[in-house]
Amino acid sequence: MKRIKTSVLGAAFALITSLCSIYPLQAQADDQFVALPSFRVGPYGQNGQAFYGGFIDYLSYVNIKDGGVNGVKFAWEECETEYNNAKGVECYERLKGKSGPSKGTAIHVMSTGISYAILDKTQNDKVPLIMMGYGRTDAVDGSVFPYAFPLVTTYQMQASAIVKFLAQKNGGKLNGKKIVFLYHDSAYGKEPLVALQAESKINNFKLVEIPVAHPGNEQGAQWLKIREENPDYVIFWGWGVMNQTALKAAQKVGYPRDKIIGSWWAGSEEDVVPAGEAAKGYMSATWNVSGKNVPVIADIEKVVYGAGKGNFSDKNKIGTVLYNRGVSAAIVTVEATRLAQNKYGKGKPATGEQMRWAFENLNITEAQLKALGATGLLPEIKTSCENHEGSGKIKIQQWDGTKWVVISDWIEGNKTLIHPLFKASARDYAKEKNITPSCMKN
Amino acid sequence: MTSRTTQDKDTVLKLENISLSFGGVNALTNISFDVKEHEIRSIIGPNGAGKSSMLNVINGVYHPQAGSIYFRGEKRKQMNPAQAARQGIARTFQNIALFKGMTVLDNIMTGRNTQMKSGFISNAIWVGKARDEEELNRQKVEEVIDFLEIQHIRKTPVGKLPYGLQKRVELARALAAEPSLLLLDEPMAGMNVEEKQDMCRFILEVNQQYGVTTVLIEHDMGVVMDISDRVVVLDYGKKIGDGLPDDVKNNPEVISAYLGTNH
Amino acid sequence: MQFFIEIVISGILSGLMYSLVALGFVLIFKASGVLNFAQGAMVYSAALAVVGFIDYGLPMWLAVIAAFIFMVIVGICTEKFVLGKLVNQPPITLFMATIGLSFFLDGLSPILFGNEVRPIDLGIVDEPIQSVMELTGIGISKLDLFSSGIIILLVILLALLFQYTKVGRALRAVADDHQAALSLGIPLENIWAIVWAIAGFVALVAGLLWGSRNGVQFALSLTALKALPVLILGGFTSVPGAIVGGIIIGVSEKLAEIYIPPVLQDAFGGNFGGIEGWFPYIFALVFLLVRPEGLFGEKHIDRV
Amino acid sequence: MLYREAGQFKTSYKSDSQIFPILQDRIGMVILIAIAAIGVPLFASEYWLNAILIPFLIFSLAALGLNFLTGYAGQLSLGSAAFMAIGAYATYNFQLRIEGIPFPISFLLGGLSAAFVGVLFGLPSLRIKGFYLAVATLAAQFFVVWCLTKFPWFSNNSSSGVISAQTLSLFGFTFDTPASKYLLVLVIVSGLALLGKNLVRSSTGRSWMAVRDMDVAAEVIGIPLMKTKLLAFAISSFYCGIAGALYAYCYLGSVEPDGFSLDMSFKILFMVIIGGVGSILGNFLGAAFILLLPIFLDIALPFISQILHLPIPSSVVSHIQLMVFGSLIIFFLIVEPHGLARLWQISKEKLRLWPFPH
């Protein structure tokens, strides 16, 4: 016993001392470093795997195919956050130390919670925080959040766009209709509330809000309630296990799935496959299409996996919604890098400040997307200081039991209604933190 | 509710027709006896006679269904053990009830707890009031430690001590409270001869030097007859004898209880 | 009214699902006085094992058997390497050990069986029974009904086991009094190993039913949290307690989830849904204060 | 040879009841404090300050809080994180709603709010014990988090329920650099740790331990159970509350109720178990261990996999972490129920004799 104890003690101290020797290693000075606090385990690990797999595959694609941007290769490092805020912060601190001269090109955390937790830090460290389809949405106002970018589109705009879609289905109006909003009871699920409340006023439909406590693997009561309410549609803001549970529960109470329309975090293969038959007919929003028929996705499979540099051992995730979303996120990041180099000098990695400027002056046109072989994969993006969102467009897709089928063109949310909401909340934030809103020139 | 009674001053404790039962099972039935100042009062009887229950009634661990208890003339139906302790009733237990996780010193210090007044805030700040108080009580405790000759084990965790010493520490804890009435539940059970002799010596000294009234439960007849002033005999929860050791010894009922039923 | 009935029914059905998990706790607690927090993790592991073995190419029935064997091994190892080493430790220590165990299992099983979310198909579509639906307008889930049937069957099975088999008698003896059992020459280690195996089996059944309900994913190990209030209510040592407690919890939480939030909303404004998370605990807690020994647990007196 | 108390005689009870009776320990402590207060801020990298040292200190404090309750007073609690949440949110609201309140005051008030709620959820402990109580504390865990999520007032009506901490400034000095935040945390934590140490060696601590070891006997020697238990709950929650406030203000900067999850409560419990139940030092050792272990595995396992030429995907790494966690808990409970603190003691015993075996 004694021996064991002392050996344990030895081990414990060895561990601690060896930890003291960890010092953030510098990345290659001439690389463009991308920090990826990713998550591949824990309750949401599935979603993380697909997204970051796609992201990394595209970066290696760019490295292999055209040797990076103007010869500047991309370097990246992952750090497992398990979707946990505290771990996210630790990862951020660890990765930012490694980013060398190009101090954190851009950081993608794919977690609203973590993005909130590191928002201020990224601000101080001058690292652009890219929140594509998640995170602090009032960061759309770049004069208050110069370094935060809720790119492509936000929860509020998405909700508004979904309402618009439903209106279109009903010949343009939703008067007297009843819509249930079933949401994950967290920052993620609550963001759209303001938008939907506003929409229900102007479109005068009845909005019924039903929250589901984390993790949401028990929704019996909620769905009974829905069945009692018997709404015309259910707008569904689920995440992780909550999604397939909801579809199952809907089936359990016999609520038609084709009247349920989910957010883009409730619209991936990972969400519907486990629900099996129950998921058939279910719709969801998305800002990127799935499938391998997009040229760039096919090319990635050919080039990257051909070279044996793929991020996945089995390729079945390629072309899934979240994989393609990862690719889309990477495309935007790469294009920003290109833009930054064009302004601040080709052939050398861009700094955080320079990347910030690039993200704030993005203009990814249809032509550009075509050139990249990403036509229709994601919408056009044009950002400015007033608009860190850049698009606000989504498509609606439907699960046919085997794959997601896009059933709409790009739908834009009601900007004139939603963006003022962002402005207001950004102003409050500025007041609370006593920031004086001002646009950065470069 | 309390009421003055007309009994003579030097009766410390008086029990009148105490009855106690657990879910229909009678542990004590209609028992009365008294304890006088400075005496050593022994309670004897076969196993399961209700001796320990008797002590538990006296210091409020059990609450009798019937009967009344007079402590220093104050009548009480029942009280909780903490109150009893504050009124100066200390006790030891049949099977040792020390605080296993703590050192001998700390165990005995807990005995002083009723005397320590400083609140947790001053305790946290430590310097000043709390510290002085700690020291004062530490001195008291050290006196007890010297008296019971356990200096050498001061800092040892009680769990590590042999049975005999644990019994002694438990006595020390009780004495540290400077009780006016001391209840000892088989303090010599499972001891060898020397240990018993020591323990007897301590009990007698406590009783004589400090004049502490003592109620003693003990199996060893020899010991009981030697040291106690008066003896109560219980059997099956009933009182079958009460008086001076010699009278009790010759009481036929008692003899039959001990010999007739061979426990 | 009809809606109310519907809520109660669905409450009863999902309550029985909680009972199933609670049952595992009770078995182990009865026999070895350990509150096995890892029961939830065992449910998760069992379900994962089933789908895992299916992925390895086994047919369903074989996968189930294989999973059962896996659970038995887990149980025996737990007894040998964890609890066996902790005899005569205070119950709280054992409890914390099982928390450790639950972490261990949560880590181990995904490595062995993969952590992709997968469905379990018992061949029953989880939808309301049409005939009843048309007749009364009340929706009763086929799967839930089926599950309840299984659970009741399981309980009867266990009851028989306890009543009429040698092992069962030994188990009861152990549950009543370890020392006495020892003196009767019943080898505790084996008994405990058996109990853990049975608990593993219960976990397996739970895993299958819950898995077919929500798909097999990490959240299955959170079913333990649903079972704990049931235990408080029913008492740690009573099988009927687990069943009744489960039903009470199931119904009360559903009713609460439906009827309390509107009241709060009128009082404070805002949205107060999602009280299922804590309601069972507060409910059980209040119940405890009134009746500390639970529904069927027996009172005990502190001896000095 | 170096570590010997020979020739150090105690001439008064004062000197005998010092925290560090042995000279070498006192010297060591002084050096340690010097390093922590001067060396670290000067030389430690931002990563070490922000991502390791600050959370380390904060969790040590939370563990200390839980240790009062579980380690000293013997009441197992699974709801520590909830009380951290209360501390954080209460402090936030005091800062927000009381104009120009100095932050130490609002921290104090935050702690007191946590203490108050702690007492409320402690009340059942008078009637129920052991597991029943442990499960009852889960009620606190879930209920508190729910309340903070549901009443918009707590998060100042932020649409997301997330609060972002105001900047701390005192007498014109703002704590915004990692180093300054670190020092602030260091001062508060070490101060509270000292108070805690005093508390547990005083009559208060003794009555806690008495209740823990045998409540009936404790009552018989005049320790009022109710008062003692509730005090334990109050002080424990107070410490957790302060820890929570620091967690929000000096570590994450913005928190949401769900952040204070059951996992966090368990994490804190493990720090107590592995560090040492019923020990002050243990909390620090435990916190260091539990926080550093995953980071260490993150970095070590890939190395190992390279050496052994077998690829370990990051998902497996985290699962292995879980397993290691679990095994360690069990291991410590079996081998050394008193945790790292006791191992530290043992090694000191050895040092005293070294180099002579006996």
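Which residue in E8(B) is the bridge partner of B:Arg41? Let us walk through the fold and come to that pair on the way. This is a predicted model, in which local features need pLDDT of at least 70 and side-chain atom pairs count only at pLDDT 80 or more, while totals for chains, interfaces and linings use all residues. Residues are numbered from 1 along each chain as its sequence is written, and chains are lettered from A and ligands numbered from 1 in the order in which they are written.

Chain B holds ten helices and ten strands, taken as DSSP runs (H or I of at least four residues for helices, E of at least two for strands) and numbered from the N terminus. With a radius of gyration of 19 Å, close to the 18 Å that the globule rule gives for 263 residues, chain B is as compact as a globular protein of that length. That radius is taken over C-alpha atoms, and the rule is 2.2 Å times the number of residues to the power 0.38. Along its principal axes, the C-alpha trace of chain B spans about 60 × 45 × 35 Å.

Now to the sheets. Strands of a sheet pair through backbone hydrogen bonds, either parallel or antiparallel; here two strands pair if DSSP finds at least two bridges between them. One open sheet of chain B has six strands in the order E6-E7-E8-E3-E9-E10, with mixed pairing. Strand E6 (89–91) and strand E10 (238–243) of chain B each have a single partner strand, so one side of each is left without a neighbour in the sheet. Neighbouring strands of this sheet are turned by 15° against each other on average, direction ignored; axes are lines fitted to C-alpha atoms, for helices over the stretch in contact, and angles run from 0 to 180 degrees between N-to-C directions.

Within this sheet, strand E3 (residues 40–44) and strand E8 (residues 213–217) of chain B are parallel and share four bridges. Here is our pair: B:Arg41 has B:Val215 as its bridge partner in E8(B). Helix H7 (residues 193–209) of chain B lies across E3, strand E7 (181–185) and E8, running at about 155° to E8(B); contact means C-beta atoms, placed from the backbone, within 7 Å.

Another open sheet of chain B has four strands in the order E2-E1-E4-E5, paired antiparallel. Its edge strands, E2 (25–36) and E5 (74–76) of chain B, pair on one side only. Strand E1 (residues 11–22) of chain B runs antiparallel to E2(B), joined by eight bridges, and B:Leu13 stands opposite B:Val35 in E2(B).

Methods
Contact = placed C-beta atoms within 7 Å.
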